[in-house]
Amino acid sequence: MKKDSSLITELLSIAAIAGNVLFVLWILFNGINEGFRGTRVEKVSYISLMGLLAVNAFLLIRNRKLQNKKQQE
């Protein structure tokens with residue numbers, strides 16, 4: 001049962017990282033397409049959202065690396 005849970009966790013982690021990267025690229029594309037026009041509130045919210053997604057992806061990747069390192073020991 002533990003291997004199944006680990007596999008599911010691994011797949012969900014990969015899906016979350018891919019989703020975060022895809023969403024950041026989508027936001028960047030929309031910004032480029034619109035010439036980065038928008039109100040100050042919209043710009044701050046977009047930058048904040050992209051920052052949160054980037055931090056989330058970084059933490060997920062770091063967690064995967066730490067788990068792989070522990071499994072190798």
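Glu-34 is partly exposed, with a relative accessible area of 43%, where partly exposed denotes the range between buried (under 20% relative accessible area) and exposed (over 50%), computed with a 1.4 Å probe and protein chains only. The model is predicted, so local features require pLDDT of at least 70 and side-chain atom pairs count only at pLDDT 80 or more, whereas totals for chains, interfaces and linings use all residues. Residues are numbered from 1 along each chain as its sequence is written, and side-chain values use heavy atoms, with hydrogens and water left out.

**Salt bridges**

Side chains of opposite charge can pair when their charged atoms come close. Glu-34 takes part in a salt bridge with Arg-37, whose closest N and O atoms are 3.5 Å apart; the term requires a side-chain nitrogen of Lys or Arg within 4 Å of a carboxyl oxygen of Asp or Glu. Arg-37 itself is exposed, at a relative accessible area of 63%. Two salt bridges are found in a search of the whole structure. Another pairing joins the side chains of Arg-64 and Glu-10, with an N to O distance of 2.6 Å. Because Arg-64 belongs to helix H2 and Glu-10 to helix H1, this pair ties together parts that are 54 residues apart in sequence.

| Residue | Relative accessible area | Class |
|---|---|---|
| Glu-10 | 23% | partly exposed |
| Glu-34 | 43% | partly exposed |
| Arg-37 | 63% | exposed |
| Arg-64 | 25% | partly exposed |

The protein carries 10 positive and 5 negative side chains, and the centres of the two sets lie 7 Å apart. In this count Lys and Arg are positive and Asp and Glu negative, while His and the chain ends are not counted. Each charge is placed at NZ of Lys, CZ of Arg, CG of Asp or CD of Glu.

**Fold and overall dimensions**

The secondary structure consists of two helices and zero strands, taken as DSSP runs numbered from the N terminus (helices H or I, at least four residues; strands E, at least two). The radius of gyration is 16 Å, well over the 11 Å that the globule rule gives for 73 residues, so the protein is more spread out than a compact globule. That radius is taken over C-alpha atoms, and the rule is 2.2 Å times the number of residues to the power 0.38. Along the principal axes, the C-alpha atoms fill a box of roughly 50 × 20 × 15 Å.

Of the 73 residues, 11% count as buried. Val-24, located in helix H1, is buried at 18% relative accessibility. Its C-alpha atom is separated by 10.0 Å from that of Leu-52, 28 residues apart along the chain.

**The loop and the nonpolar surface**

Phe-36 is located in the loop between helix H1 (2-33) and helix H2 (40-72). This residue has a positive phi of about 55° although it is not a glycine, and it counts as exposed at 52% relative accessibility. The C-alpha atoms of Phe-36 and Ile-47, eleven residues apart along the chain, are separated by 11 Å.

Phe-36 also contributes, together with Val-21, Leu-25, Leu-28 and Ile-32, to a nonpolar surface patch of about 480 Å². Patches are made of residues with over 30% relative accessible area and no salt bridge; like charges are joined within 9 Å, and nonpolar side chains (Val, Leu, Ile, Met, Phe, Trp, Tyr) within 5 Å. The accessible surface of the protein comes to about 6,300 Å², of which 67% belongs to carbon and sulfur atoms. Accessible areas follow the Shrake-Rupley method with a 1.4 Å probe, and for residues only the protein chains shown count as cover.
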